[in-house]
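Here are my notes for you, as numbered points. Have the model open while you read.

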Amino acid sequence: MSGVRVRFAPSPTGYLHIGNVRTALFNHLFAACSGGELILRIENTDRERSKSEYAEQILNDLRWLGIRWQEGPDIGGPYGPYRQSERMQHYRETAEKFIREGKAYYCFCSQEELETIKRAAQAKGLPPKYNGRCRKLSREEVEQKRALGLKPSLRFKVEEGFLEFEDIIRGPVRFDMGLFGDFVILRPDGVPTFHLAVCVDDVLMRITHVIRGEDHLPNTPRHILLFRALGEAPPRFAHVSLIMGKGGEPLSKRLGAMSVEEYRKTGYLPEAVDNYIALLGWAPGDNREIFSLAELEKVFSLSRVGKSPAVFDKEKLDWLSGEHIRALSHEAFVEKACDYLVSEGLMPAFARALPQNRLHEILLIFKDNILHFDALRDRLEIFNPEAENQDAEMLRAPQVPGILKILEEYFLSLAPGENADYEALNQKLKAAAVAKGKELFMPVRVALTFRAHGPELKKILPLLARELCLERIKKMKVA
RNA sequence: GGCCCCUUCGUCUAGUGGCCUAGGACGCCUGGUUCUCAGCCAGGUAACACGGGUUCGACUCCCGUAGGGGCUACCA
């Protein structure tokens with residue numbers, strides 16, 4: 001037991017995108033490689049934007065990626081509940097305690113007043129911090145205002161001075177707290193802000209390491225102050241850089257970042273997604289690139305996570321995805337391919353009618369050929385009796401009628417239900433000497449599969465029904 | 001505007017003062033695999049943002065500049 005406890009704490013205001021996933025994955029890998037525990041916590045203090053469907057989806061996405069947690073809203077645990085909306089009493093108690101201890105105070109400033117203060121400061125080139133106006137309010141003044149029905153928020157007192165901490169990824173970071181201003185920890189309706197909720201929960205849940213996005217770096221000094229006020233040593237922090245889109249723009253939800261759901265629908269293997277994301281900002285140090293989740297769990301190290309933001313590159317994901325698919329055993333490939341096609345409703349009718357082992361044989365010839373399972377939908381068309389000829393232009397060449405004739409003769413010579421023998425057909429074709437090389441094989445391929453591209457004919461022919469071949473040849477002759 | 005973070009091939013990265021005429025991978029290009037695409041194999045293309053220091057020596061350390069990003073909310 002290492003005693004390491006980390007958490008992934010998404011707010012259910014949208015789908016999980018690559019940035020979130022990476023934070024989740026790094027938390028998982030760090031917990032796994034240090035023998036610690038991962039806690040999943042739902043940060044839904046923003047009542048307006050949080051939706052339970054999103055929370056549900058997030059859990060599913062994480063499960064699909066193979067990320068496992070030891071405590072969470074779905075499985076409970078000794079430090080629950082794990083949804084912040086169910087932990088309000090903790091936050092309020094803490095807030096009250098801070099008031100009693102003089103660490104926080106009531107603030108009656110309106111939004112308009114705050115806006116004015118901010119603008120005034122900015123005009124002078126000063127940091128736009130709250131000026132602490134309500135800090136000086138006496139107990140009587142507070143009571144008076146409350147008697148008037150005014151609802152105050154609660155502000156945490158920030159004292160001047162420098163605050164320095166050691167970030168595991170970034171090294172020493174230093175902030176001038178004189179620039180921060182007192183910040184709100186409880187809204188007038190009694191709902192805590194993120195700062196309070198996070199710190200209270202991290203303490204109560206015994207979190208030892210906080211691994212989160214770099215966007216939280218400027219929040220960290222505030223949090224450290226809160227931890228101190230709670231009388232606890234702050235956890236260790238590790239701020240992971242953000243992921244950018246192609247072109248360097250931030251990869252945020254609104255800029256069309258793909259959700260995990262979409263990766264699943266495209267037919268990527270979860271391990272390929274994990275592998276790719278792990279490589280974004282982390283490198284093992286020896287030139288290895290292909291990892292299963294289990295392997296990552298063994299070799300991952302936070303100290304090897306880079307500081308600079310990384311650009312998401314779909315090309316490389318696709319390559320890795322292909323690698324993972326090719327590395328699958330035949331059985332695993334067939335199973336996953338079928339699962340994918342069925343669950344996405346993409347299993348074509350003709351394929352469903354096929355005997356199972358025949359379908360498996362067919363799927364297998366595409367194994368080394370696809371980057372993700374979604375591609376199967378199109379590749380399978382060469383076996384689909386309903387398919388249209390997409391590459392008929394290939395059959396314009398003068399030698400084509402001759403080739404078609406030989407093909408027809410050959411297939412007619414087979415018994416019903418008997419599929420072509422590649423070698424035999426090949427010999428017949430060559431003996432006729434109508435054409436050779438590309439001139440010969442492209443027309444043959446297109447006539448029999450209706451496609452200019454696909455696996456080797458040698459692999460296709462034994463699986464392609466005689467009757468379908470004859471039908472296609474006939475259609476070709478007419479056209 | 002203020003504060004903070006970041007900066008090696010187009011992209012992901014290795015590199016922690018001499019091993020670097022900078023390594024690997026994706027992509028791209030060329031050739032091979034005597035049917036296509038893919039795959040595979042072989043080869044090629046391409047980078048230390050800039051300017052000052054420190055040092056016998058800097059991609060590596062320090063300081064600036066520039067560029068990018070984050071935060072600056074009673075969002076997380």
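Is H195 buried or exposed? Point 2 has the answer, after a word on the model.

1. This is a predicted model, in which local features need pLDDT of at least 70, side-chain atom pairs count only at pLDDT 80 or more, and totals for chains, interfaces and linings use all residues. Residues are numbered from 1 along each chain as its sequence is written, chains are lettered from A and ligands numbered from 1 in the order in which they are written, and side-chain values use heavy atoms, with hydrogens and water left out. Chain A averages a pLDDT of 90 (the predictor's confidence in each residue, from 0 to 100), and 98% of the residues score at least 70. For the complex, the predictor gives an ipTM of 0.94 and a pTM of 0.93.

2. H195 counts as buried because its relative accessibility is 13%; buried means under 20% relative accessible area, with a 1.4 Å probe and protein chains only. You'll find H195 in helix α6, residues 194-204 (helices are DSSP runs of H or I, at least four residues, and strands are runs of E, at least two, numbered from the N terminus). Its side chain makes a polar contact with the side chain of H223 at 2.9 Å. A polar contact is a pair of N or O atoms within 3.5 Å; within protein, one must be able to donate a hydrogen and the other to accept it, and residues adjacent in sequence count only if both atoms are side-chain atoms.

3. Now the RNA. 65 residues surround RNA strand B, and the closest are R187, P188, E214, G281 and E289; near means a heavy atom within 4 Å.

4. Some individual pairs are worth a look. A polar side-chain atom of R304 sits 3.2 Å from a phosphate oxygen of RNA strand B. On the base side, a polar backbone atom of P455 is 3.3 Å from a base oxygen, while a polar backbone atom of L457 is 3.4 Å from a base nitrogen.

Conventions. Buried < 20%, exposed > 50% of the residue type's maximum accessible area, 1.4 Å probe, protein only.
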